[in-house]
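Please look over the structure shown here.

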Amino acid sequence: MTDSSRNSPLYPKSHLLAASGIAALLSLTLLVFPSSQVEAKKTLLSLDVESSTSLSTDKDAQPAELVTAAAGQGTQPGAGANQQAPAAESPRETLITVSSGDTLSSVFAKAALPADTLHTLLASNKEAKQLTHIKPGQIIQITRNAQGELESMTSRLSRLESVHVTRTAKGFSVKRELIKPAIRQAYAHGTIDSSLFVATKRAGLPHKLALDLANIFGYDIDFALDIREGDEFEVVYEEKVVDDKTAGSGNILAARFTNRGKTYTAVRHTDRQGNSTYYRADGSSMRKAFIRTPVDFARISSRFTNARRHPVLNKIRAHKGVDYAARPGTPIKATGDGKIVLAGRKGGYGNTVVIQHGQRYRTLYAHMKGFAKGIRNGSHVTQGQIIGYVGTTGLSTGPHLHYEFQVNGTHVDPLSQKLPMADPIAGAERKRFLQQSQPLLARMDQERTSLLALNKR
Ligand SMILES: [Zn+2]
């Protein structure tokens, strides 16, 4: 491709087509623009035709004002209401819309720029490499200098990003420009009839947000197995806007998902350190890993250690758990969902419950006064469910819960920060969270009410 372009006329086919496009536009322009502007355009057109035979005459023939006029008039895509199709070019400016199969070198060939220039450009600057990532529909604007060489080039990667190349004394400089979009809130609602992704697509929700949605509710809903026809979702999310047009999406701010008649709510909260987490509407964690403390109203009376003097045996022993001193009869909660592998007496542990959580985790609760109703070997428990009551059975000096946590069969400190704990929102952040979540939830309520009203009609 590159070689043949050297032999082809200076303006290859695509450009000639563009030139005839100008002619068509011109006749339209005659109806719209005041005559002075039309004159300018006419002149430019004739220059263009001339320059295709000899570029060297170009620099002499071209008054500077005309170039400016052309640049201001319709050469930039998306600039103003009077905007013309990309075909409106000045002789020095070429707009190329990338078609499928194009590479940067075929774009250069279309613009009648020598392959050497491309090599120089790519060699002159590491940043230039990003120019080679082009995709169909992308618009590349090329400006030549009076000698017909590449003067500058702008490649618009998206509404939010463009790369700008300028000739310098040494070669080319490459600058990436990021357009900061405005952020507005958008709302989407959908009902599932086959899959989540079909429904989110129909609701106009970007694919990335559909994945986010599945992640956010992933602790509550198994999106592979639990999804049923008639399940519903609604989402308030950030939409990036440039020139009043959508230019991508940001984060999900709040969402509701109704699965088999049960509704789950999630609200995003960013704390003062800038960390973002999703919480339920009441500020409890969405993450269903483990609650850190199996007993409320307790104090830690002994921590995890590999060596301590056992109070009863009076021997140095590792204490591979945490003791919570509490009144006898205080409820003990399962710290995660799981299956009971033991509910019974276990030597010095006294009345003990052991819960298996998936493949990796196991928790143990010892010295219990008794078990809660329905707690027996093989039964399933959910996080927070009461499994028994604080007592002092087995080798124990007073009422307390001895709690152990195992990862792949190894005891770990349940108070360690490394474990997947599901902490509720911190007290100091809670007020801010409730202030921020309230309008988001209100928006969903309001949108939903109007949707229902529409459906009734
Ligand atoms: Zn203990």
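## A residue and its contacts

Which residues does Glu232 touch, not counting residues up to four places away in sequence? Glu232 touches His189, Gly190, Thr191, Arg256, Phe257, Thr258 and Arg448, where contact means heavy atoms within 4.5 Å.

The side chain of Glu232 forms a polar contact of 2.8 Å with that of His189 and another of 2.9 Å with that of Arg448. A polar contact is a pair of N or O atoms within 3.5 Å; within protein, one must be able to donate a hydrogen and the other to accept it, and residues adjacent in sequence count only if both atoms are side-chain atoms.

## Basis of the model

This is a predicted model, in which local features need pLDDT of at least 70, side-chain atom pairs count only at pLDDT 80 or more, and totals for chains, interfaces and linings use all residues. Residues are numbered from 1 along each chain as its sequence is written, and side-chain values use heavy atoms, leaving out hydrogens and water.

The mean pLDDT (the predictor's confidence in each residue, from 0 to 100) is 77 for the protein.

## The zinc ion

His319 (NE2), Asp323 (OD), Asp323 (OD) and His402 (ND1) are the protein donors of the zinc ion, 1.9 to 2.8 Å from it. Donors are N, O and S atoms within 2.8 Å of the metal (3.2 Å for Na, K and Ca); water is not among the atoms, so sites may look incomplete. The donor residues are spaced H-x3-D-x78-H in sequence.
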